[in-house]
Amino acid sequence: MHVPDGFINAPVSVATGVVAAIGVGVALRGARRELDDATAPLAGVSAAFIFAAQMLNFPVAAGTSGHLLGGALAAILVGPYTGALVVAVVLFVQGLLFADGGLTALGTNITIMSLVTVLVGYGVFRAVLAVLPEKRVSVSVATFLGAVVSVPAAAVVFTGIYAIGGTTDIPLGSMLTAMVGVHLLIGLGEAVITTATVSSALAVRPDLVYGARGLRKPLQIIKVSDSQGAAA
């Protein structure tokens, strides 16, 4: 999914850079409401996990491979604004230090892999969660669906950007078919990894999962009878 230098022309790259800058600015403002003593450390852990996971590719089909994008995962764990920042930081470091995605395409990569995957992934997650019972298994189901939809959605947006500013002679129909088809399969891998990670966090520390905050049980005050108190 990482777009290299020169694949998108300069005007469209500048335009996506502006979109990415605006999106990151909005995310910075929104993250102030999400970050607290619990989510701040988790945001750092999420960035490290997504960075490492994007280095690992899993086979898809016909000799192709895919890797975690991480937008839905970050949004569900630490909130959509903070999640967008987490993925944007990962992409910036990858492009600057590891040449994974071109620097002139950084705006395109942030727009596709950070903003789109977070918006679509977290939007689907919330929509599904709204119609399911308030149980942990509902969070896992919503997580799976949000993650699986976020990846082909990013592929569709990339194809739209390519249609406007692509610099190669690949037919648009072939590009759309290849991108969406392959990324539907990658989306399944993304959903499995995301659901396993979120479910594991839910099993150990559900209070840390931003997307599951509505499932927190209220504190219960247990009254100790006078006789029990005297005996103690």
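**Figure 1. Residues lining the largest pocket of the predicted model.** In this predicted model, the largest pocket is lined by Met 1, His 2, Val 3, Pro 4, Phe 7, Phe 158, Met 175, Ala 178, Met 179, Val 182 and His 183. The volume of this largest pocket comes to about 230 Å³. Helix H7, which spans residues 172-204, supplies five residues, the largest share of the lining of the largest pocket. By residue class, the lining of the largest pocket comprises nine nonpolar and two polar residues, with no charged residue among them.

**Figure 2. Residues lining the second largest pocket.** The second largest pocket, with a volume of about 180 Å³, is lined by Gly 23, Val 26, Ala 27, Pro 80, Tyr 81, Ala 84, Leu 115, Val 118 and Leu 119. Helix H1, together with helix H4 (80-97) and helix H5 (106-131), makes up the set of elements that each give two or more residues to the lining of the second largest pocket. Eight of the residues that line the second largest pocket are nonpolar and one is polar, while none is charged.

**Figure 3. The salt bridge between Arg 213 and Asp 36.** Of the two salt bridges that the structure holds, the one shown here joins the side chains of Arg 213 and Asp 36, with an N to O distance of 3.4 Å. The pair links distant parts of the chain, the two residues being 177 residues apart: Arg 213 belongs to the loop between helix H7 (172-204) and helix H8 (226-231), whereas Asp 36 belongs to the loop between helix H1 (10-34) and helix H2 (39-54). Arg 213 has a relative accessible area of 25% and is therefore classed as partly exposed, and Asp 36, with a relative accessible area of 34%, is likewise partly exposed.

**Figure 4. The salt bridge between Arg 205 and Asp 207.** In this view, Arg 205 forms a salt bridge with Asp 207, and the closest N and O atoms of the pair lie 2.7 Å apart. Arg 205 has a relative accessible area of 41%, a value that falls between the limits of 20% for buried and 50% for exposed residues, so that Arg 205 counts as partly exposed. Asp 207, for which the relative accessible area is 27%, is also partly exposed.

Methods: Residues are numbered from 1 along each chain as its sequence is written. This is a predicted model: local features need pLDDT of at least 70, side-chain atom pairs count only at pLDDT 80 or more; totals for chains, interfaces and linings use all residues. Side-chain values use heavy atoms; hydrogens and water are left out. A salt bridge is a side-chain nitrogen of Lys or Arg within 4 Å of a carboxyl oxygen of Asp or Glu. Helices (H or I, at least four residues) and strands (E, at least two) are DSSP runs, numbered from the N terminus. Buried means under 20% relative accessible area, exposed over 50%, partly exposed in between (1.4 Å probe, protein chains only). On a 1 Å grid over the protein atoms alone, a cavity is a set of points where a 1.4 Å probe fits but cannot get out, and a pocket is an open set with protein on both sides within 12 Å along at least five of seven lines; lining residues have an atom within 4 Å of a point. Grid points are joined across faces, edges and corners, and a volume is the space filled by probe spheres set on the points. Ala, Val, Leu, Ile, Met, Phe, Trp, Tyr, Cys and Pro count as nonpolar, Asp, Glu, Lys and Arg as charged, and the others, Gly among them, as polar.
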